[in-house]
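My entries are kept in the order in which I made them.

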Amino acid sequence: MNYIWEAAFAADQSGIPREKITYRSVRNGSPYAEVVLENLNSNTLESTEVEINPLYRFAEEFSAVFDDNVEGHEKIRELLFDITMHYMVQADLRQGLSRQEYALRFLLKDLLDGVCGQKAAEAVAHFEKAKLRRLLGFIWKLYRCGSSIFLFREVMRYMYPASLVYASNEQARDVLVYIGRKDTAQERKRIEFLQDMFLPIHFQAFLFWDKHFGIIDVEETMLLDEMVLF
């Protein structure tokens, strides 16, 4: 870990909200790294306080403002340093963003603000952050190409790798969805959101959570106590 934006990514992986990080100016830091750690190869954060050498990249801008030899107003200067570093992290992460990246960010904000309803906002807030960007990409694809059972199947396979989506032999617009997860209130909210968002409106889905329905001649699905009838 070298740059402050890497510390922000490490916080994401550790489940630490970025706004909880406090950046501190280090007095005797390494001149060869921006983030000061005992283990330079570490990719995780063990504390919400991150020591920074502000002169590593920003000596011209910050050498006078954050000079440790200047005395007085220490608390205000510490607060200003923390705010400035949070801003620099955002500036770093926005460099090179494409038009689509900006569109996905606006889309996420709209979803969380309840533009698609409160249930959708709650569901999106509980998706794993590592999968959220790809999910937004699927919604972007939905806006451009329209809904289809093939897109719904693609979304389900990504969000739930063990899932399977079958077309019904009896009704053309019925689909059978094996999810491969336990039925919980949180998972049900997610699935309802995916159905409402991606499943074509004239389709009906029948859900099977952690037990598959039995299929004749497929032994893996015909195990006692491990299947359901449909």
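The entries below concern a predicted model.

Entry 1: I looked up the strand order and found 4-5-6, in an open sheet of three strands. The pairing in this sheet is mixed. I then asked which strands stand at the edges. They are strand 4, residues 164-167, and strand 6, residues 204-208. Each has a single partner strand, so one side of each is left without a neighbour in the sheet. For the twist I noted an average of 25 degrees from one strand to the next.

**Entry 2: strands 5 and 6.** I examined how strand 5, residues 174-178, pairs with strand 6. The two run in the parallel sense, and I recorded five bridges between them. Within this pair I located tyrosine 178, which stands opposite phenylalanine 208 of strand 6.

**Entry 3: the helix across the sheet.** I next looked up helix 7, which comprises residues 149-159. Helix 7 lies across strand 4 and strand 5, and its direction makes an angle of about 155 degrees with strand 4.

**Entry 4: glutamate 187.** I placed glutamate 187 in helix 8, which spans residues 185-198. With arginine 181, the glutamate 187 side chain forms a side-chain polar contact of 2.9 Å.

Notes
Residues numbered from 1 in each chain as written. Predicted model: local features only at pLDDT ≥ 70, side-chain atom pairs only at ≥ 80, totals over all residues. Heavy atoms only, no water. Pairing = 2+ DSSP bridges. Helix = DSSP H or I, 4+ residues; strand = E, 2+ residues; numbered from the N terminus. Axes fitted to C-alpha atoms, helices over the stretch in contact; angles between N-to-C directions. Contact = heavy atoms within 4.5 Å. Polar contact = N/O pair within 3.5 Å; in protein donor to acceptor, adjacent residues only side chain to side chain.
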